[in-house]
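Please keep the sequence and the coordinates open while reading.

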Amino acid sequence: MSREGPPSRLQFWTLYLSRFAGGFGSITLVVLIPKLATELGLAGIGLGLLYTVYTLAQTVTVVPVAWAGDRYDKRLVLLGTLVVGIATYAAFGFVSTGTELLAVRAFQGAVFTGMGLMTLALVGELATAGTRANYIGKANAASFAASILGGLSAGFLYDYFGGSREVFLVITGLYVVTFGATALLLSADETRVPGFPFSDLAVNRRILTLTSFRAQYAVAVTLVRNWVPVFAGYAAAQGGLGYPAFAVSVITVSEKFTNMLLQPFTGRLSDSAGRALFVFAGGGAYGVVAVVVPLTPAVGAALGLPESYPVVGAVSAAFLPLVALNLALGVADSFREPASMALFADEGSDGDGVASSFGIRELVWRPGSVLAPVAGGWLMAEVGMGSVFHVGGAFALLGALTFLGLLGRAHGASALREW
């Protein structure tokens with residue numbers, strides 16, 4: 001970065017604002033896509049395509065945006081992405097056909113990925129090696145705060161305004177403010193990486209060790225994170241708990257809440273105690289907690305817990321145990337995520353291409369995140385709801401053990417504490 005001395009806090013806070021804006025826009029669409037699809041008559045395959053084009057656009061965006069960030073000024077790439085984001089969210093308020101909605105949805109996927117890569121790469125570059133996980137944890141906390149606020153407010157704003165156009169106007173305004181702050185407060189990035197950094201980083205021994213865990217963990221998180229609300233809200237006849245919508249929201253947000261609160265703290269701890277240790281411990285703990293999720297009805301019944309709560313309404317005795325376990329999933333993931341991100345940033349920050357390093361991290365996640373929902377649907381239909389969490393937990397545990405084995409074999413027994 002172009003600066004004399006350590007970066008100012010304003011630069012970090014500017015990047016946290018970008019993380020917040022990206023998370024707020026993304027979660028708002030998660031809530032509003034079903035309503036927009038209904039308004040435009042999209043159902044079945046058409047509805048499914050809204051999710052498919054989003055994922056495909058994210059995947060296609062990774063390599064060119066990461067390459068551009070390493071080859072040129074990351075600040076300019078981020079500003080360009082924000083401009084596209086302003087146009088995209090403004091366009092959401094004016095779509096009138098299913099085809100237009102699909103096109104704008106694809107741009108949203110590209111914007112979200114571009115902002116994520118550039119903000120993390122810039123945070124990784126601005127931070128020193130000994131503080132990297134701490135600052136990344138703070139950046140992630142901003143994104144989780146946006147997910148919580150956006151998840152709780154999107155439906156309210158939609159109902160209050162009687163439509164989505166005003167909601168998208170709010171998001172567009174947030175992006176405009178973020179663009180202005182980035183343009184005024186963030187220093188130019190003078191790091192330049194020639195060539196195609198992906199080719200060297202793809203065979204980096206440390207990155208290969210990390211991806212042995214991440215590829216399996218993607219299956220675990222995708223299954224568990226998506227199926228906790230399914231388990232809570234799905235009809236009891238099909239293995240769910242049949243909770244009302246607000247109860248499902250409370251359960252879903254609880255994981256994000258602990259993740260948001262703890263990541264700055266756990267990131268700082270991993271900077272001093274060993275990031276590989278936190279990846280292993282967090283991943284293993286996530287797997288253990290996931291396996292227990294289907295037991296929540298039995299736990300609630302055994303403890304004689306209430307089956308109704310103010311505001312939440314009628315639920316079942318499983319409600320509090322399920323909230324507690326989802327809080328625990330957030331705690332486990334808060335140990336893993338900033339440490340993992342910092343390890344990837346470490347490998348790219350020495351001139352090898354930090355944006356490309358994060359790009360590889362993103363690409364490794366894709367196969368599991370795409371295939372896991374299909375597998376989860378099959379498991380739920382053919383085996384039962386509980387099997388989804390058992391398989392998800394098993395993938396997390398296997399990923400953690402694979403990581404531990406490769407870490408010791410390729411890098412020595414002390415690597416767990418030294419990385």
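Which residues of the largest nonpolar core touch the most other members? They are Y243, F319 and F358, in a core of 111 residues. The model is predicted, so local features need pLDDT of at least 70 and side-chain atom pairs count only at pLDDT 80 or more, while totals for chains, interfaces and linings use all residues. Residues are numbered from 1 along each chain as its sequence is written, and side-chain values use heavy atoms, with hydrogens and water left out.

A nonpolar core here is a set of buried Ala, Val, Leu, Ile, Met, Phe, Trp, Tyr and Cys residues joined through side-chain atoms within 4.5 Å. Buried means under 20% relative accessible area, exposed means over 50%, and partly exposed lies in between, with a 1.4 Å probe and protein chains only. Helices (H or I, at least four residues) and strands (E, at least two) are DSSP runs numbered from the N terminus. In the largest core, Y243, F319 and F358 touch the most other members, and the largest share, 14 residues, comes from helix α8 (residues 205–233). Contact means heavy atoms within 4.5 Å. Leaving aside residues up to four places away in sequence, F319 touches Y243, A247, V250, I251, Y309 and V312. There is also a second, separate core of five residues, with F144, I148, V253 and M260 among them.

Helix α4 (residues 98–126) has 29 residues and reaches 42 Å from its first C-alpha to its last, close to the 42 Å expected at 1.5 Å a residue. The expected span is 1.5 Å times one less than the number of residues. Of the 29 residues of α4, 22 are buried, so this helix is largely enclosed by the rest of the structure. Helix α14 (residues 385–411) has 27 residues, which should span 39 Å, and its end C-alpha atoms are 39 Å apart, in agreement. An α-helix has 3.6 residues a turn, so residues three or four places apart point the same way. Just after α14, G412 takes a positive phi of about 100°.

Not counting residues up to four places away in sequence, R275 touches A129, G130, R132, A133, S270, A339, A342, L343, D346 and W419. One of these contacts, R132, is found in helix α5. R132 counts as buried at 6% relative accessibility. R132 and G284 are 152 residues apart in sequence and 23 Å apart in space, C-alpha to C-alpha.

Helix α5 (132–161) also takes part in a pocket: α1 (9–39) and α5 each supply at least two residues of the lining of the second largest pocket. On a 1 Å grid over the protein atoms alone, a pocket is an open set of points where a 1.4 Å probe fits, with protein on both sides within 12 Å along at least five of seven lines, and lining residues have an atom within 4 Å of a point. The second largest pocket has a volume of about 220 Å³, the space filled by probe spheres set on the points, which are joined across faces, edges and corners. Its lining consists of R9, F12, W13, Y16, L17, Y135, K138, A141 and A142, and the largest share, five residues, comes from α1. The lining divides into seven nonpolar, no polar and two charged residues; Ala, Val, Leu, Ile, Met, Phe, Trp, Tyr, Cys and Pro count as nonpolar, Asp, Glu, Lys and Arg as charged, and the others, Gly among them, as polar.

S164 is in the loop between α5 and α6 (165–185), and is buried, with a relative accessible area of 9%. S164 touches L32, L36 and Y158, not counting residues up to four places away in sequence. S164 and L36 are 128 residues apart in sequence and 8.0 Å apart in space, C-alpha to C-alpha.

Two valines are exposed. V311 lies in the loop between β1 (308–309) and β2 (313–314) and counts as exposed at 72% relative accessibility. Its phi is near 70°, a positive value in a residue other than glycine. V374, in helix α13, counts as exposed at 61% relative accessibility.
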